[in-house]
Amino acid sequence: MINTLEKKLNTIICGDCLKELKKLPENSIDLIVTSPPYDDLRTYNDSAIWNHEIFKPIARQIYRVMKPGGTVVWVVGDKTENGNKSLTSFKQCLYFQEIGFNIFDTIIYEKTGSGPPHPNRYFNTFEYMFVLSKDGKPKTINLLRDKKNKHGGKSTFGEVTRREKDGSLTNKGKKIVNDFGVRTNIWKYANGKGFSTKDKIAYEHPAIFPEKLAEDHIISWSNEGDIVLDPFGGSGTTCKMAVKNNRKFIYIDKVPEYCEIARKRIEHHGN
Ligand SMILES: C[S@@+](CC[C@H](N)C(=O)[O-])C[C@H]1O[C@@H](n2cnc3c(N)ncnc32)[C@H](O)[C@@H]1O
């Protein structure tokens with residue numbers, strides 16, 4: 001089993017992810033950061049058919065390959081048709097919960113760039129990032145502390161009083177406020193051409209997410225040396241960021257042209 005996994009590490013697998021996930025050993029992956037097709041909004045070179053019935057066995061394979069405590073970040077948005085939202089995102093999330101995943105968080109991916117405005121609805125500027133963990137909470141949590149504290153560097157006003165285990169109050173003196181605190185669960189990224197990545201070739205793929213988004217999740221939910229998988233790898237954003245942050249990667253996508261883009265991006269990064 002270890003051999004099967006070793007052979008797949010740091011490789012680009014061009015194929016259908018259902019078939020390819022079945023070849024991976026169970027309980028072997030630390031982290032997935034991925035974004036599947038959004039309803040039928042794109043056809044991805046006409047070769048990727050996508051609906052809830054296709055999603056379900058893939059979701060079960062994803063559960064199988066994750067290590068206990070392993071984390072899946074599922075980045076997804078919904079189609080609006082005749083003024084009605086598909087809510088595929090939630091259907092998928094509920095299915096993940098049904099098959100055993102813990103829904104650890106729902107993080108909002110706020111985009112600076114969006115499609116053209118709609119004449120009679122609010123501008124849509126976000127997607128969901130569901131953070132799922134297998135068998136309880138994520139085994140690795142490295143919260144990002146980059147939210148500027150208004151009172152950073154200052155000492156607290158008044159003295160800090162703490163309630164001890166026996167219920168009594170003790171005074172521990174003044175405390176210096178940290179410059180940065182833990183960020184909220186709304187994450188904002190510059191997206192679109194020239195912003196998501198500097199790699200021009202990546203834009204030959206129609207739907208990439210920002211490198212920084214992938215990197216922030218990789219840092220949050222994995223450690224150096226861990227295995228990061230993207231079963232809907234696209235232009236290779238997640239895997240490139242895995243390499244940059246000293247993680248091992250496994251890339252899967254069924255479209256050969258996208259596998260080639262990913263290969264070039266990852267190779268160019270020095271590996
Ligand atoms: C939203 S894109 C992912 C983009 C990626 N996050 C990036 O930054 O480049 C979804 C990808 O899933 C791939 N795909 C769709 N169905 C697939 C399947 N059954 N197996 C493997 N890949 C699939 C498509 O070819 C497409 O590249």
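Helices, here H or I runs of at least four residues, and strands, E runs of at least two, are DSSP runs numbered from the N terminus. On that basis, the secondary structure of the chain in this predicted model comes to seven helices and 14 strands. The radius of gyration of the chain is 21 Å, close to the 18 Å that the globule rule gives for 271 residues, so the chain is as compact as a globular protein of that length. The C-alpha trace spans about 65 × 55 × 40 Å along its principal axes.

The chain is divided into two parts: domain 1 comprises 2-144 + 183-268, and domain 2 comprises 146-182. A distance of 38 Å separates the C-alpha centres of domain 1 and domain 2.

Buried residues account for 33% of the 271 residues in the chain. Of the contacts between residues at least 6 apart in sequence, 71% join residues at least 24 apart.

Strand β7 may be considered in detail. Strand β7 covers residues 126-134 and is mostly covered, with seven of its nine residues buried. Strand β3 (residues 66-76) runs antiparallel to β7 and is joined to β7 by six bridges. Strand β6 (residues 101-111) also pairs with β7 in the antiparallel sense, over nine bridges. Two residue-level bridge partners in β7 are tabulated below.

| Residue | Bridge partner in β7 |
|---|---|
| tryptophan 74 | phenylalanine 130 |
| isoleucine 103 | leucine 132 |

Note on methods:
Residues are numbered from 1 along each chain as its sequence is written. This is a predicted model: local features need pLDDT of at least 70, side-chain atom pairs count only at pLDDT 80 or more; totals for chains, interfaces and linings use all residues. Domain bounds come from an automatic or database domain assignment. The radius of gyration is taken over C-alpha atoms; the globule rule is 2.2 Å times the number of residues to the power 0.38. A residue is buried if 20 or more other C-beta atoms lie within 10 Å of its own, exposed if 12 or fewer, and partly exposed in between; C-beta atoms are placed from the backbone. Two residues are in contact if their C-beta atoms, placed from the backbone, lie within 7 Å. Two strands pair if DSSP finds at least two bridges between them.
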